[in-house]
Amino acid sequence: MLTSDSLFGGELTVYQEKEGYRFSIDSILLAGLTRVKASDKVVDLGTGCGVIPLILAYRQRGASYVGVELQAELFELARKNIEANGLADRITVQRMDFREVHNHLAFESFDLLISNPPYRRVHTGRINPNRQRAIARHELAGSAAEVFAAGKALLRTGGRLTVIYPAGRMS
């Protein structure tokens with residue numbers, strides 16, 4: 001079952017699974033605090049329902065966006081959200097494992113990489129029984145280190161990488 005949630009006073013609609021993974025304040029903060037230039041080509045690794053590119057495109061930042069999502073249900077939600085908000089001319093989404101982006105996306109083709117990677121190591125804390133939530137919160141299908149490796153392949157010289165991540169995990 002889907003919910004229809006709105007941002008910016010109803011200007012932006014975001015569909016989400018009622019019981020699956022739902023974006024949190026982290027996504028809003030990441031979108032709000034990331035500096036995006038008008039000419040930037042942006043890639044979002046682990047885009048989920050596409051909320052970060054949606055917010056940035058709505059705010060008229062960046063030239064184009066590619067969302068990368070592994071989970072089929074979230075990939076479809078991202079596509080639905082892009083269409084529902086009339087942003088298909090600026091945002092595309094691709095279903096793939098971000099650990100394999102170097103095999104699918106052009107080398108050094110982006111100015112900015114954004115990501116809200118899983119915060120917890122695999123064997124720490126309780127793994128959520130909901131698969132969508134578990135993958136989003138635990139490093140079951142990728143880690144921050146793998147986001148950085150993807151950034152090395154995808155970002156142009158001088159490109160920028162922005163993540164939201166707990167300070168305790170940065171070491």
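Phe-8 sits in the loop between β1 (2-7) and β2 (12-17). Helices (H or I, at least four residues) and strands (E, at least two) are DSSP runs, numbered from the N terminus. This is a predicted model: local features need pLDDT of at least 70, side-chain atom pairs count only at pLDDT 80 or more, and totals for chains, interfaces and linings use all residues. Residues are numbered from 1 along each chain as its sequence is written, and side-chain values use heavy atoms, with hydrogens and water left out.

**Positive phi**
- Most residues other than glycine have a negative phi.
- Phe-8 is not a glycine, yet its phi is positive, at about 55°.
- Gln-60 also is not a glycine and has a positive phi, of about 65°.
- Gln-60 belongs to the loop between α2 (51-58) and β4 (64-69).

**Exposure**
- Buried means under 20% relative accessible area, exposed over 50%, and partly exposed in between (1.4 Å probe, protein chains only).
- Phe-8 counts as partly exposed, because its relative accessibility is 38%.
- Gln-60 reaches 62% relative accessibility, so it counts as exposed.
- Thr-34 has a relative accessible area of 4%, so it is buried.

**Thr-34 and its surroundings**
- Thr-34 is found in the loop between α1 (25-33) and β3 (41-45).
- A polar atom of the Thr-34 side chain lies 2.5 Å from the backbone oxygen of Leu-30.
- Leaving aside residues up to four places away in sequence, Thr-34 touches Arg-61, Leu-112, Ile-114 and Thr-162. Contact here means heavy atoms within 4.5 Å.

Definitions and conventions. Polar contact = N/O pair within 3.5 Å; in protein donor to acceptor, adjacent residues only side chain to side chain.
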